[in-house]
Amino acid sequence: MSQRFTVTAFSKSDSGRNVSDIQGEVNQLFEGDEPTPSSSNKEVSFNTEVVVVQGDGNPKESSPFINSSDATEKSQKYDGKHMALFEEEMETSPMVSTMISSLANYSSLPQGSKEHEEEADNEEEDKKKKKPVKAPQLGTLMGVYLPCIQNIFGVILFLRMTWMVGIGGVIGSFIIVFMCCSTTMLTAISMSAIATNGVVPAGGSYYMISRSLGPEFGGAVGICFYLGTTFAGAMYILGSIELLLVYILPQAAIFKMEGLEGAEAEAAMLNNMRVYGTIVLSFMATVVFVGVKYVNKLALLFLACVILSILAVYAGVIKTAIEPPDFPVCLLGNRPLISKGFDVCAKTLESGNGTVTTKLWSVFCDSPFLNATCDEYFVNNNVSFIQGIPGVMSGILKENLFGNYLEKGDLVAKKGIATVEGPDDTLTNSNRYVLADITSFFTLLVGIYFPSVTGIMAGSNRSGDLRDAQKSIPIGTIMAITTTSIVYMSAVILFGACIEGVVLRDKFGEGVNGNLVIGTLAWPSPWVIVIGSFFSTCGAGLQSLTGAPRLMQAISRDGVVPILRVFGHGKANGEPTWALLLTAGICEIGILIASLDAVAPILSMFFLMCYMFVNLACALQTLLRTPNWRPRFNYYHWALSFLGMSLCLSLMFICSWFYAIVAMVIAGSIYKYIEFRGAEKEWGDGIRGISLSAARYALMRLEEGPPHTKNWRPQLLVLVSTDVEQNVEQPRLLSLTNQLKAGKGLTIVGTALAGTYLENHPQAQRAEQSLRKLMETEKVKGFCQVTISSNMRDATSHLLQASGLGGLMHNTVLVSWPRNWKQADDLQTWRDFIELVRETTAAHLALLVPKNIAAFPSNGERFSEGHIDVWWIVHDGGMLMLLPFLLRQHKVWRKCKMRIFTVAQMDDNSIQMKKDLTTFLYHLRIDAEVEVVEMHDSDISAYTYEKTLVMEQRSQILKQINLTKTEREREIQSITDSSRGSIRRKNPAVVTTQLSVTEEQPGVSSKVEKPEEESASVAVSPPTQVQLIHDSTSPTSPATPLTPASEGGAQTPGSAQVQMTWTEKADGEPAKPPGASTPQGIKDIFNMKPEWENLNQSNVRRMHTALRLNGVIVKKSSEAKLVLLNMPGPPNNRSGDENYMEFLEVLTEGLNRVLLVRGGGREVITIYS
């Protein structure tokens, strides 16, 4: 499919440029290459055709659509550009013809577009100060292929390859080489896909991983890659010291090994490595500090040494077919002898004077005479010698096919030679035999060998210096891996075919006069290999000490790991001084280990982890089909990436399960550190893509059905209100949310704003920021949502309906009790609240209403003792049982004990109820005290009637709010007159009547029918004495503001004021007014009954229930830290809504912290596992 892009160039500055120049720049933008006259579309992901249309340059008339002065200025500014339709957007969306040059000539920046523009502005300012920098000109060969070759061929090839073939056999070694090379080849394919998916700035592998998998993975893997590169430097230094002290200049050893055996000789060797390694490391670090340019200049020399050494080995192999070299190995029986202790491979020599003993005789006997006492094995076995390099045509390959693994201290023996050993032979003179210095096994060989295939990132690390990185990196890297893999595989077969098995297993060449074993095969001289490998290992060490600090500097400057920011600083020219010091310090740790065989598996882990995540990044991007995933390298597949990732993970545990776990723990720790403390970075990484896919999959699974009762937990929608500054008015509501959730499940914090979205969008953004800030302060993990609608009622309803997504929906609504609902100017608040209760019931959502939310504890408070009291009046699915359990998981409530109260009626067996409830709680695995409260039927008290009367009067007054002035005054006057008249008929001389209300004994008067279920579910403290005061005031106009009602009653907005006040004696007993205890006083009370008969009997029953329950609850739970009780539903008839609020107020009166709970209509707790 071809695409056609048309770019219009109109500016006068463009008129001087050739159209073909602009077209070339556009081509470059889409192809990612320099524009060339004969560019072929074969290499382009999209076949694009770019057409540049040039204007005639003549000014045209101004836009007919714009008439303002600003528009006139803009039309003049863009006059002649034919862009009048777009001139309003020119400030933010510049013309393509002016932007195309800067887009095509991209710079190597790891930032996003915004940072890119800022950097471009800075570069413009610096151009005057700095000299123009020459464009990078490195091609595929010099920029990628040869650096990869130099980094891959290393110390392991020269020092351990022959030993690996001897121990593991040709077949085993070939499997190891094939596995490792396959891993790097698959990784290179993945890396090529990532490297060609856009511009790869300097930073190489770290940049690719961090931008593909995100800052957490990028930081963790980047540091692992840094540690691997640093330990590689230590390994190369140790290899160069081994070459120096064992093969080149053994007499330079500070700790002499002559005459030492076993552990002493090994310790002396390690100490020499530590001393010389530290000296060499200091020297190399100084060279790197002084100037990297010297290292780069020597790089070609070091590369020449590597290539020359390998060619010498192949030349030696060819020569063995014609004329095998003379490297005799002296055997005593089947045991090869260390050649340093003797000159002739014989026990005695025949001379003119007779038989004389040799130096070998003196080694195994106590004197040089023929009658000396000698070692038993020496006496019983003959001395012979074999050729160490029999040649490629000798057929020795058959003997070397299979492995010969040895324990530490075992003798290296020749197969197929007869030997005589006594039954009680003990190994004596062990320092004269060639022995195994470490215990060997297959997985150890994998760990030691793998570093010899690392170095494949060398090309991508130099991406900033390449002429065409997207073309050079895939070709150069894959060709380098192919070349090195062929060399390694052929070397395994050729070593097995040319060299004797005992020589291959002789790690340090002790049986061949101390020569480097691979050197014995080389032509024309072993010194070619020794000198060449020494310089190549030194060069590789310098390259590691050069590259590692730059990698650390890149990580530090990204700012993802705050603790490492200091290492981003350096010298004035940008050289990473502090990072170099850190690198040298870590490298010294590897040198203090001192054993090449111990350091190699460590760096294998870090490199394998890095390669594993490169494969993971490619696989994820491919499977997620990210829109930006358009690599120019097309020969990749997600299955290959997953295979490479699996191989890397397998090799990690094959090498060393212990090191693998340590490396993963290090990477995991860095990941979590960056996640919690690191800088927030948005790099458009693949982890966000996989998060979206996983979230979509999880949401689709949740859609399959509602959660099982065992999995039910409150998924909260927290409704908060904001003030005029968009600050949250009830911050303690979020504290309670945190205590209920403890970070688990779904939490949505929502607020509603009145108005239109276009006008109130800034306020909505401020409200959202305020919510996020408070959620962060209160440590509430969840989402925030702001809804704008024409009124608060609709906005809250929209929040209730639209919050959540798919199966991830809220099942519980948490909203604060409307504190000032009695105030006449706040009438809409309680109406909205009751509508919210109705909507939650209709939607089958649970409802939690904390009353006195300001008195609830903050997250920092701790209750050292106390109770959480649950008043279980009606069954709501178990919400009342579950909530205290969840609260007690939090530190605030952890030490509070749980008490459960339930109410028994007259005909209930309270003893059996208590037993059943205790058993039920036992099965629920909830520890709580159980108490059954008996509520005897009683007559409705006078106080109840008066309370109901005042409530209905208040309700009647509230209904007049929307009437006309005349109607309102008439209604209020009639209500006031009727109340005043009724009192004056009873006691005309007294304005204030005090009533003593005492609880009547059950059975005194006729019983009242039981309250309805919905009215029997809530409670608060009952006032015990009532004083009814009527004040007549002068009529006021309807425009007079409504005055707040008192706690006990209400104030009329007009001509009358009705107020209820409650008084108690100091001891808490009801105060008895004069005459109340006399028969006349009691008669007066019952004489008021004619007005009570007009009351709504349903309201009277509800008020009676509320007062009785409140009295019991206050008596039992007044000292409780929290009281939870059932919340009754609102009445079906909307005319009684204001009465509903009064009932709840009476029910909860006198309690400090109350949580009203209304179930969602389903079971939320179960006794089953």
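## Charges over rings

K347 lies over the face of F378, 4.7 Å from the ring centre, and the charged end of R335 sits over the ring of Y433 at 5.2 Å from its centre. A charge sits over a ring if NZ of Lys or CZ of Arg is within 6 Å of the ring centre and within 35 degrees of the ring normal.

The model is predicted, with local features needing pLDDT of at least 70 and side-chain atom pairs counting only at pLDDT 80 or more, whereas totals for chains, interfaces and linings use all residues. Residues are numbered from 1 along each chain as its sequence is written, and side-chain values use heavy atoms, with hydrogens and water left out.

## Aromatic pairs

The structure holds 21 aromatic pairs, in which rings of Phe, Tyr and Trp (its six-membered ring) have centres within 6.5 Å, with planes under 30 degrees apart counting as stacked, over 60 as edge-to-face and the rest as tilted. The F633 and Y635 pair is edge-to-face, because the ring centres are 5.8 Å apart and the planes stand at 75°. F633 is buried at 12% relative accessibility, while Y635 is exposed at 67% (buried is under 20% relative accessible area, exposed over 50%, partly exposed in between, with a 1.4 Å probe and protein chains only).

Ring pairs also link F225, F450, F607 and Y611 into a cluster.
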